[in-house]
Every structure is written in structure tokens, then in C-alpha cells.
Number of protein chains: 2
Amino acid sequence: MKFFICQINPIVGDIEGNTQKIIQHIKEGKQKRADVVIFPEMALCGYPADDLLFFDDFIISMEIALDQIAEYTEDITTIVGLVRKSTNEYGKRLFNTAAIIKNKKLLGFKDKTLLPTYDVFNEARYFASADKQKVWEIDKYKVGVLICEDVWSYSGLSPDAKYKVDPVKEMKTLSPDYLVVISSSPYYFEKINLRDQIYAKAASYLNCPIIACNQVGANDQLVFDGRSAYYNVKGEKVAVAKAFEEDDLFIDSNKLQEVCSIEEDPMENLYKALVLGIKDYFGKQKLTKAILGLSGGIDSAIALYLTVQALGKENVLVLNMPSRFSSLGSIEDSKKLCENLQVEMKEISIDQLFQNFLDVLSPYFLGKSFDTAEENLQARIRGMILMAMSNKFGYIVISTGNKSEMAMGYATLYGDMCGGLGVLVDVPKTLVYDLARWINKKNEIIPQNILTKAPSAELKEGQTDQDSLPEYNIVDKVLHGYIQNHSSKQQIAKTYHLSEKLVDDLIHKVHLAEYKRRQAPPCIRVTKTSFGRGRYFPIVQGWVK
Amino acid sequence: MKFFICQINPIVGDIEGNTQKIIQHIKEGKQKRADVVIFPEMALCGYPADDLLFFDDFIISMEIALDQIAEYTEDITTIVGLVRKSTNEYGKRLFNTAAIIKNKKLLGFKDKTLLPTYDVFNEARYFASADKQKVWEIDKYKVGVLICEDVWSYSGLSPDAKYKVDPVKEMKTLSPDYLVVISSSPYYFEKINLRDQIYAKAASYLNCPIIACNQVGANDQLVFDGRSAYYNVKGEKVAVAKAFEEDDLFIDSNKLQEVCSIEEDPMENLYKALVLGIKDYFGKQKLTKAILGLSGGIDSAIALYLTVQALGKENVLVLNMPSRFSSLGSIEDSKKLCENLQVEMKEISIDQLFQNFLDVLSPYFLGKSFDTAEENLQARIRGMILMAMSNKFGYIVISTGNKSEMAMGYATLYGDMCGGLGVLVDVPKTLVYDLARWINKKNEIIPQNILTKAPSAELKEGQTDQDSLPEYNIVDKVLHGYIQNHSSKQQIAKTYHLSEKLVDDLIHKVHLAEYKRRQAPPCIRVTKTSFGRGRYFPIVQGWVK
């Protein structure tokens, strides 16, 4: 059989645009004489569509779009992900489903059985569960269809594997010749070859090839990496689509050969995920221009580099906004970086404005010493200038803080936290350094001085982050234990040979900053547990005191 | 039987403090010679505890606390809500459960069967479902225990009623003499007597009294109204605890008399919910002082009034921050209101700072006309001053915008949207006016002028909200149709006799402002569908173009 796997990048909610894209690919599939053309989970509406799914007219639009698509299916079986009304007597109103269409006729739907409701997934909010598996006869072969999580349970590798039913085991009883799996399975840094392992187990258990089509693109904090693939009966991956970009895979199952051996570079993945996150945030909103404050520190340097890669140097404006506390080195480093990247930098000193605020506030601050109030004033003046330029000229402000700072509350709410997108909000400080070194591997793009100087907000004389924090490699270990593994402070202290007092202080800081993060710009989720989507934490709580 | 219903206000995560409170009430129950003492759903950890539930040590703490509590249960049956590890082979790791303890011995657990996963509820993320119902023999009576949603399905009044099993029907087969229902069921404006209807149906169907204990207090955007009650076998409410405050209800089932007839005042409910929301946000974090910018408009006036009621006039500082566009009337009205409420008001003109920013930006803004950039500068300077006072003196900034403005994007991100708590973020403009009139019913506390003048942000000469918006009663209708009912624009236009173009424009504005709301301070949820907890909307989307 000839399969045409269409790894498309849909826009959430843009049923019209996504439909046109799907039709275009079906036409291509026909030209290539494919037997089956396949699209990702919820390709018609984009994943995750969230509460858009509560609108009846949104669901009806998908029915109409499906009819349109059917018109193009002469002589080609089309498998496409969408959402439809549930036919169950009980449970939620909708199914996450795959439509199987051929010769302008709907052959049927295969609804999703296992509904992930953990981490960034919230499917139990919307969907009812399919209660049985099916196969379709396509060109005299039995083709089974499953959706994403449905395949995960069998492997035992799902984070939430304790489902009562296993669609893969049920599928076994139907003896499929091929299994098509459509998915919208997002990327995160720690997830390497996980889908390969899962599909390999299912393919060899079912003794049939798996044709896997995964969504690509960034949608509301999540980045989908694509990597659609074909696995043979032994579970070996013998064809794979590109990562982090739209790609099509044409496969003739009679002509399959060598096993793919692709060495993944985790840093390249991270880089591509972040760039795609920026590109799609802008492109899908038809936004083009970004503005960013460059401090001379590593975070804004990396954020700038990524933004330039995503949007092009001509679409990025940099502001350097020194105060009385900015070191000469910081200004020089910023200039050097902008030269390296050939982006425009304007310098706007904030010192006079800072003085103006101090003057206005002096009757109230009388006798009080310099503290975070004055520090934050500087960060907020910078935020105001960036936002003023944004409002006047339509630039979107890029927020540059990293995950470790966001965890510790080392960021000024309404100051450096201003922005439409927090590019590094899910990248821990140590990983920011790794990324900088990876970027500099061939040429020194990020001035070396930026990598070697001590991290500092430069909001008061001689300040460095380590005045009140341990080294970031320690901070990041504790955060990994606490945020990602939900370990107790005793466990964390033991694992990393740290004092309980130190761990306790850091965890305390994490909770104190919850109110800030609640008002942070959306991030690009690149680790297993981000501070954005998929994390629900009370601000008011008495557990960490 | 003698029941002691303890409608407590737990702090989320404060297992230690909540345990002490529970023990205190058990002691009181003993003094009153109660047979059974009852606490709300998840009383031990507070509801909702969200992702705190992922920490093993958090769950273990509840086991330990339960042992402590058991020590005080000599001669008194104690029913208390908590979370425990699931004993199911499949599904999530935890049960939302009720422990039944007597004479220092655990008689057993009754786990929750129906797990709300809609609206503000997310229980499928955490909990496994109990598969059967139970009764306990207490003093020779059969007492059944159900948890919140378990009772809702039978009535058909649950928003998500299509559950496969019905615990009430299953309970019927066990013929209980009494049914104890523990809950954490939040308030919203439109919800009047809904629980009464639900409990009435269940009581008369089961032909047994229902003893209902509901959580009270505000926890992370939700306000729980209490109103614990006793329903007789006919489903009539014959005793009820206070609304919006801690209260205990001692009931001797042999001595029950008249049916309660309580006329609810929806405006009083709204007022109490908002005040409790503020009070608990501050009190549970041990914060005392608030600061607020008074503009002379109705929103900041009502927000101030509510804050003063919640925290006391001595704990509230008001800033009036006029610019060149502030009308004399606004300043006078602000003064008058502060006199009425006896709160301190300081006046800090922002005009010089505004001019300073214009000067600094003038080389970049050359030839550009005055627009939102300059408007937002003013709002952001005000935000900065409030935040500077907050940072210096520990005041929490109260954000004063209402729901209609937040919907329309008529608020400045990092400006008037600054704050720890958005007091009116879930109150539509028309309801703000209703609340003002209710407040003024006895005495004119809110100066009449504030109620009658045209709403204006006063960020440019002669500006009013209605320059670019229809009247707020129209805006609020459209919002109700769209936000709450998920109606299509055609349906909304038809229902309210509006042009589709107008409805379309307003809906378009709602989506354009999604990025602002994502960074809004937490609100106090008082309507069925708030912009905070329980609403998941993509920023980047192609549905509303």
C-alpha cells in the first residue's frame, strides 16, 4: 500500500484555513498515486482547541468542512483528525475522532478511547471515550486506526498508564494488516525517542506496520515536533518526517528498506523548538515585528538570537536602556551582539526617568533606604518604554527571563516580565548557558564575555544574583526535584547532597513568586513541567510556609 | 441523632492549621453531646488543593493528621473530608474521600464516585472514582455518606449530568436512615437555591434526611458560600447555617420543626462573596494592607468600598493620581468618597512624569499623533506608583477593572491591570452599577455623581467608553451570550435584537484582548463563567478573525 503522511501545522480554530491545507495535500497525494492520505489528530481544528470546543457552531463547522474534504477523495482513502458530537448516551458531548473517507463517502469514524488528563492535557473536560476498536477494509487490507494516547498504554511508558482498557490489546483481536496512528504529541527536552519506543512495542506486538502521523507546529505554549514515521512489523523505524517543520512522507509499503538511524542532538531540538515557538506565535497571528530590551546579560542575548532566527533581523528592534547601575561592559557586550546579528539597536537611557520617579516619590519614601522598590522602578521604566514602542509601532515585546529566575521570583512583575511571549520562561538558567555554548560552537555569535560574567540584574550597585542565591546549577537541581518530580525537601536534600535549610529556602521562594508567575506572559513549553500550561498551583496556600 | 455540622473555612494546603481547627470543633461537638460531627469535602487540605496533590508528602501528611484527629473521637463519630491514596488497580493515584472515625478507630472511607471535570473543576486530573456506595451503622442507624457531585447527578440539574452511574440510586438500594453529604460547592451569582433543589430531590427519593456540610471561604478565585443545611425526609430545609462565614449547626433530628424560609437577596450575596474573597486573599496570606488608585469612576469606587469592608478603613490607602485629562469632578468625587469611608487619600499628580516620558520618547514618536501609546503611558505610570508604594511598604495593590472592560480590552496591561487581586474582574459593568445602588440604598456612600457620569478612562481629552463601544447593557448581553452560553453570533444577534455586525465587533474585541487577560491578576469568581479559573482559551487562534 502507498501511504501519504501529511505532517501539517494547523492553526488552532482556523477550520477554513486548515481545510484548504488538507485539500491541497489530498490533491498531492492523488498525484503521487497514494492509496491512503493521513493527517494528524484534530488536524481540522488544531490541537489543543481548548474551550473553542464548547461552541456548537465550531463543531458544526467541522462537519461542513468534512463534507468539503470528502469531495476530493475520489480513489483515495483519507484519514483526518477532527472533533465530532458524541454518540454515547453518557459522558461528555464530544469525541476526539478520526474520519475515514473514500470516494466522497464517509466510511466511518474512529473515536479516541484514552483521554489524557494530566500534565498539559485536559481531554476529560471535553471528550467522551470510545468503547471499542475497529478496522476498515482498505484495498483488501485491514487497517486499524488509533489516536495518540490509545497506543501509549500498552507500552507501559505513559505517565498515566493505569488505564482500565488497552486499545492496542483490543486491536490485536482484530488482526490489522496496518495500524494508522494519528497524534498531536508535543515535544519536551527530556522526551527523546519515547514515541519510537512506544510505537515499536505496539508494532511488534500487533505484528503489523504502524503509520504514524503527528502534528507539527506551536500552538498556545506547546510545541509539536512532527517526526511522523513508518514502523515495520518488527517495530523498526524505516522512514521518518522532519522534526519541527511541515513535511510529507510518501511510503510504498512494498519498497521499504533500511532502518533509520538518526542521532538526535538535544540542543538542536531545543533550539528548533524555541524558534518554532516564536515563529508560530507571530506568524499565526499575522504579527511580524518584535522588540526586546538587551541588558548585556545572557538571557536577553539568547532571547534576541532566537527571535532573530525566527523573524529575521529586519523585523527585530533592540533597545539598550542603561541606568546609573549598568556596567560599561554590559553596554559594550550588547553593541557587539547586535553587530554580530546585524540588528538595529537604539539606546535610551532610563536614568532621568528613574530620577523623576525618585523625586515624585521622595515625600513618601523619606527616611527609607534603597530597596526592591527602587530596583523595580528601573525594570518597570524599561518595561514601559518597550510597551510604548509596542503600542506606537506594533512591535510585540519579547520577555527574556529564564525559568530559574521565574522560579525564584528574580524578575520584576510589570518590568522585565512585560511581553507578549516569554521566550525562555521554560528554560532553566543552566540550560540557557548550554544553549549559548551550542550556538557559539562554530562562531562566537554570543560575545564570550556574556557567557563568563556573573549573572546580575544590575538594579543596584555591585549586585549579582548570587548575593542571595546559591549557584544556578544548585538552584536548577532543586527545581528539577521539586517542580518536575514533586519530591519532598528531604528527598531533594538527600539526592543532591544539600542542606535541608537551603532546599527549604529555595522552595519557599518558589511559592512566594507564584503570584508573579500567574501574571507572566505565555511561555514556550520545552521541559516536562513548565510554569505555564499544565501547572495549577494555588497562590494562597499554607503548605509551604 | 444529634449532628454537629461544622462549616469551617480551611486554608488550602495548611493541613496543620486545618487539623487543629477540626480537633477544636470535635471537642465542641462532644461538649454539645453530638453523636456525629461533620466537616466539609477535603476539609483537611482545603478545596481546591490543585497540584499540591501531586506531592507524596502532602498526601502522607493527611494520613498523619487523620491519626491525630482520631485521638479525639471517643464517643463521637467524626466524618471528615480529605484525600488519600487510591486503592483501585486502575486510574489516578488518589481518592477524594471522607473518613469515618469513632472511638479512635477508623471505621472506613467513603470515596467520591463522580468527579466533576468541567467549569472550574478539574477532578479527573487527580482522582480515581469509587465504584460502590456504602452505609455505616452509627448508633443503630444506617448512615450513608456521599461527596458533593455524587448527589448532583440524580437531580438532573448538574451541568454535566450525563454520568453512567448514579450514586443516589445505588444508595437507595442500601436504604439509609440518614444521608450525610459533604461538599465544597462554590457560589456564583446565578446559583440561587440550586443545592436546595438537588438535596430536596435526593432526600425525598431516598426517603431519608440529608445532613449537608459545605465548605465556606475563598480559595484561589473561588468563593464557597457555606449554607450547610439539614433537609427532612420530604426534602424540606429545616435548618441552615450562615452564608459566607464560618458557622456550626447543631441538630437533634428528633426535635426538628419548621421549614426554613429564607429570602435570598442576590445583591447581598454578591456583596458578601466579594468581601469574603478579599478578606481571605489577604488573611490567609497574613497580609493586611491594601492600596488602590481612585479614578473618580464607579469601578474604583466600588472596589474601594469592598476593600474597606473586608480589611477595615485603617488598612487601606487611596491614591488619587490626576493627569492633565482628569476632570475636576473626578478629583472631587474621589475626595467625597474617601470622606464617606473615612480612608486616607494621597494625591500624586502624574502629569510631570507623563511629560518626562513624552520627552524621552519624542525622538522616536516624532510626527506620530497621540494614540493608545500615550494613553497607556498614563495608566502605567499610575501602576508604577502603586507598585512602588507596594514594594516599599507592603501594601497589596487592588486592581479595579470590571468584567466588561476586561472582556473588551478596555484596560491597560501593566497599568490599571496591576495588582495582587482583581476585585471586580468577574463583575460585569451593569452589575457594578446594581451593586452601587444596593450599597447606596440606605445612605449615599458612593457619591451620586459617580453613578450618573458617563464612564471614561480619562486618558485623553473628552474621552468616554461609549466613543467606541455600545452602551454597557448591550455589551453585557453579548458577553453573557458568548462567554457564558457559548452562543454563535447569529444566535446572540437574534436573541437580543442586535445587528450581527455589532455582535461580531464585540466578539472580535473579546478575542483580541485574550493576551491581556492571560496576564491579569487573579479575580474573585462570582459569575458562572469567569475569565479566571475554569476558562481555557487560546491566544493564537483562527476561529474569530
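In the predicted model, helix H14 of chain A (residues 472–484) packs against helix H16 of chain A (residues 500–512), with the two axes 10 Å apart and at an angle of about 70 degrees. Angles of 65 to 115 degrees count as roughly perpendicular, and H14(A) and H16(A) are therefore roughly perpendicular to each other. The crossing of H14(A) with H16(A) is right-handed. On the H14(A) side the contact involves Val475(A), Val478(A) and Tyr482(A), which meet Val503(A), Leu506(A), Ile507(A) and Val510(A) of H16(A). By class, the residues of this contact are seven nonpolar, no polar and no charged.

The axes of helix H9(B) (residues 351–365) and helix H10(B) (residues 372–393) come within 10 Å and cross at roughly 125 degrees. This angle makes H9(B) oblique to H10(B). The crossing of H9(B) and H10(B) is right-handed. H9(B) contributes Leu353(B), Phe354(B) and Phe357(B) to the contact, while H10(B) contributes Leu377(B), Gln378(B) and Ile381(B). Five of these contact residues are nonpolar, one is polar and none is charged.

Both H9 and H10 of chain B also take part in the contact between the chains, where they and helix H2 of chain B (56–70) each supply at least two residues of the side that touches chain A. The contact between the chains takes 69 residues from chain B and 68 residues from chain A. On the side of chain B that touches chain A, H10(B) gives the most, with twelve residues. That side of chain B is made up of 35 nonpolar, 19 polar and 15 charged residues.

Strand pairing in chain B was examined around strand S7(B) (residues 141–147). Strand S6(B) (residues 135–138) pairs with S7(B) in the antiparallel sense, over four bridges. In this pairing, Trp136(B) has Val143(B) of S7(B) as its bridge partner. S6(B) and S7(B) form a hairpin in which two residues lie between the strands. Asp139(B), in the turn, has a positive phi of about 50 degrees. S7(B) also pairs with strand S8(B) (residues 178–183), here in the parallel sense and over five bridges. Ile147(B) has Ile182(B) of S8(B) as its bridge partner. A residue counts as buried if 20 or more other C-beta atoms lie within 10 Å of its own. Five of the seven residues of S7(B) are buried, so the strand is largely enclosed by the rest of the structure.

Notes: Residues numbered from 1 in each chain as written. Chains lettered and ligands numbered in written order. Predicted model: local features only at pLDDT ≥ 70, side-chain atom pairs only at ≥ 80, totals over all residues. Axes fitted to C-alpha atoms, helices over the stretch in contact; angles between N-to-C directions. Parallel < 35°, antiparallel > 145°, perpendicular 65-115°, else oblique. Left-handed = near helix turned anticlockwise from the far one by under 90°. Contact = placed C-beta atoms within 7 Å. Nonpolar A, V, L, I, M, F, W, Y, C, P; charged D, E, K, R; others polar. Buried ≥ 20, exposed ≤ 12 C-beta atoms within 10 Å, placed from the backbone. Pairing = 2+ DSSP bridges.
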